[in-house]
Amino acid sequence: MQYTSTITWKHHGDTPFNAKTYDRTHELQFGGGSTITASSAPEFLGKAELPNPEELFTASLSSCFMLTFLYLAAMKGLIIDEYAAEAVGTLAKNSEGKMAMTEVVIKPRITFQEQPQPAVLEDLFKKAHDNCFISSSVKTKVTVQAGF
């Protein structure tokens, strides 16, 4: 399986092209046709109101974890009424001294029709983490802090 995205950036002639002034705004188009406008993080001279790669990375891990968790819960016959999660990604120097997304903490809040036993939830969280395609693809530490 392959998944595609296309990125487009253009220089706008009214802004000088140098390291401090070029516009970081760009378009991301996904294989299904959706497009979003993104930028770099404000700390890297981007626009705060637009998503940035660090936020998209964090959201990707959180989305993958949720989708894996929902699937595993459904396979166990558990019924989930609502799933919401805050995810916080940390950009810091890694063990090699390079800037990297070193950790993503996912804080799910899940409403079940019938609350499962704590041991069942722990097992689901572990399996969702272990089977999430995105967290299996990165070196970033992914932590789940459940609050139900």
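Along the sequence, the protein chain follows the pattern β-β-β-α-β-β-α-β. It comprises two helices and six strands, taken as DSSP runs numbered from the N terminus (helices H or I, at least four residues; strands E, at least two). The model is predicted, so that local features need pLDDT of at least 70 and side-chain atom pairs count only at pLDDT 80 or more, while totals for chains, interfaces and linings use all residues. Residues are numbered from 1 along each chain as its sequence is written, and side-chain values use heavy atoms, with hydrogens and water left out.

Along the principal axes, the C-alpha atoms fill a box of roughly 60 × 40 × 30 Å. Buried residues make up 26% of the 148 residues. Buried means under 20% relative accessible area, exposed over 50%, and partly exposed in between (1.4 Å probe, protein chains only). Contacts are heavy atoms within 4.5 Å. Among those between residues at least 6 apart in sequence, 48% join residues at least 24 apart.

An open sheet is formed by three strands in the order β4-β5-β6, with mixed pairing. Two strands pair if DSSP finds at least two bridges between them. The edge strands, β4 and β6 (141-144), each pair on one side only. From one strand to the next, the twist averages 20°. Axes here are lines fitted to C-alpha atoms, for helices over the stretch in contact, and angles run from 0 to 180 degrees between N-to-C directions.

Strands β4 and β5 run antiparallel and are joined by 13 bridges. Lysine 93 has methionine 99 in β5 as its bridge partner. The hairpin of β4 and β5 has five residues between the strands, and glycine 97 takes a positive phi near 80° there. Strand β5 (residues 99-112) runs parallel to β6, and four bridges join them. Valine 105 is bridged to threonine 143 in β6. Helix α1 packs on the sheet and touches β4, β5 and β6. The direction of α1 makes about 145° with that of β4.

Seven aromatic pairs are found in a search of the whole structure. Rings of Phe, Tyr and Trp (its six-membered ring) pair if their centres lie within 6.5 Å; planes under 30 degrees apart count as stacked, over 60 as edge-to-face and the rest as tilted. Tryptophan 9 and tyrosine 22 have ring centres 6.3 Å apart and planes at 90°, so this pair is edge-to-face. Both residues lie in the loop between β1 (5-8) and β2 (26-30), 13 residues apart. Tryptophan 9 is partly exposed at 36% relative accessibility. Tyrosine 22 is partly exposed too, with a relative accessible area of 28%. The charged end of arginine 24 sits over the ring of tyrosine 22, 3.7 Å from its centre. This description requires NZ of Lys or CZ of Arg within 6 Å of the ring centre and within 35 degrees of the ring normal.

Phenylalanine 69 and tyrosine 83 form a tilted pair, 6.1 Å centre to centre with 45° between the planes. This pair links helix α1 (residues 53-75), which holds phenylalanine 69, to strand β4 (residues 80-93), which holds tyrosine 83. Phenylalanine 69 and tyrosine 83 are buried. Ring pairs link Phe65, Phe69, Tyr83 and Phe125 into a cluster.
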